[in-house]
Amino acid sequence: MSLDVSPQLLAEAENGAVREEDFVETVRTSLPYAYDLIDRLSTELRAGNVEFADNQTPPPSERERGQLLRALSSDAIRGSLERHFGVALAFQNCHRVAVFPPEARGGRTHLRFTSTRAQILNQSPEFRDC
């Protein structure tokens, strides 16, 4: 299961729309590694004069890797995190996630990072089963 949904949030969803703040809080508590990583990268992006900020350090365990994969493979989770942090997310492998300013989506640097060439160049045998 990707998220630990509270009975209250489940009731809200059954009765209509869910507040995005409540959903993001559920993501934060359910997938803390993924949330904290995106938070850290977003802070780095805002603090520096860089085109993007990315993570190249593997997660400490498969548990954290799973959190990251679940967060980035869900359109709802990924979209909520992008809106919450005000970034565009890009993902290359088991742990190389990057944050870009939203307006950079589709720009030269973003397209280079998300290209098939970049994907191929960012592979190694240890990522085969991640």
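Helix H2 covers residues 20-30, and five of its residues are buried: Phe-23, Val-24, Thr-26, Val-27 and Ser-30. Buried means under 20% relative accessible area, exposed means over 50%, and partly exposed lies in between (1.4 Å probe, protein chains only). Helices (H or I, at least four residues) and strands (E, at least two) are DSSP runs, numbered from the N terminus. An α-helix has 3.6 residues a turn, so residues three or four places apart point the same way. The buried residues of H2 pack against helices H1 (7-15), H3 (32-47), H4 (62-73) and H5 (75-85), where contact means heavy atoms within 4.5 Å.

The model is predicted: local features need pLDDT of at least 70 and side-chain atom pairs count only at pLDDT 80 or more, while totals for chains, interfaces and linings use all residues. Residues are numbered from 1 along each chain as its sequence is written, and side-chain values use heavy atoms, with hydrogens and water left out.

A nonpolar core is a set of buried Ala, Val, Leu, Ile, Met, Phe, Trp, Tyr and Cys residues joined through side-chain atoms within 4.5 Å. The largest one has 23 residues, and Ile-77, Leu-81, Leu-89 and Val-99 have the most contacts inside it. Two or more residues of this core come from each of H2, H3, H4, H5 and strand E3 (97-100). H3 gives the most, with 7 residues. Leaving out residues up to four places away in sequence, Leu-89 touches Ile-38, Leu-72, Arg-78, Leu-81, Glu-82, Val-97, Ala-98 and Val-99. A second, separate core has 5 residues, including Ala-88, Ala-90, Ala-98 and Phe-100.

The structure also holds 2 aromatic pairs. Rings of Phe, Tyr and Trp (its six-membered ring) pair if their centres lie within 6.5 Å; planes under 30 degrees apart count as stacked, over 60 as edge-to-face and the rest as tilted.

| Pair | Centre to centre | Angle between planes | Type |
|---|---|---|---|
| Tyr-35 and Phe-85 | 5.1 Å | 55° | tilted |
| Phe-52 and Phe-100 | 4.9 Å | 25° | stacked |

Tyr-35 in H3 and Phe-85 in H5 are 50 residues apart, and their pair links distant parts of the chain. Tyr-35 counts as buried at 10% relative accessibility, and Phe-85 counts as buried at 10%. Phe-52 lies in the loop between H3 and strand E1 (53-54) and Phe-100 lies in strand E3, so their pair ties together parts 48 residues apart in sequence. Phe-52 is partly exposed, with a relative accessible area of 25%, whereas Phe-100 is buried at 0%.
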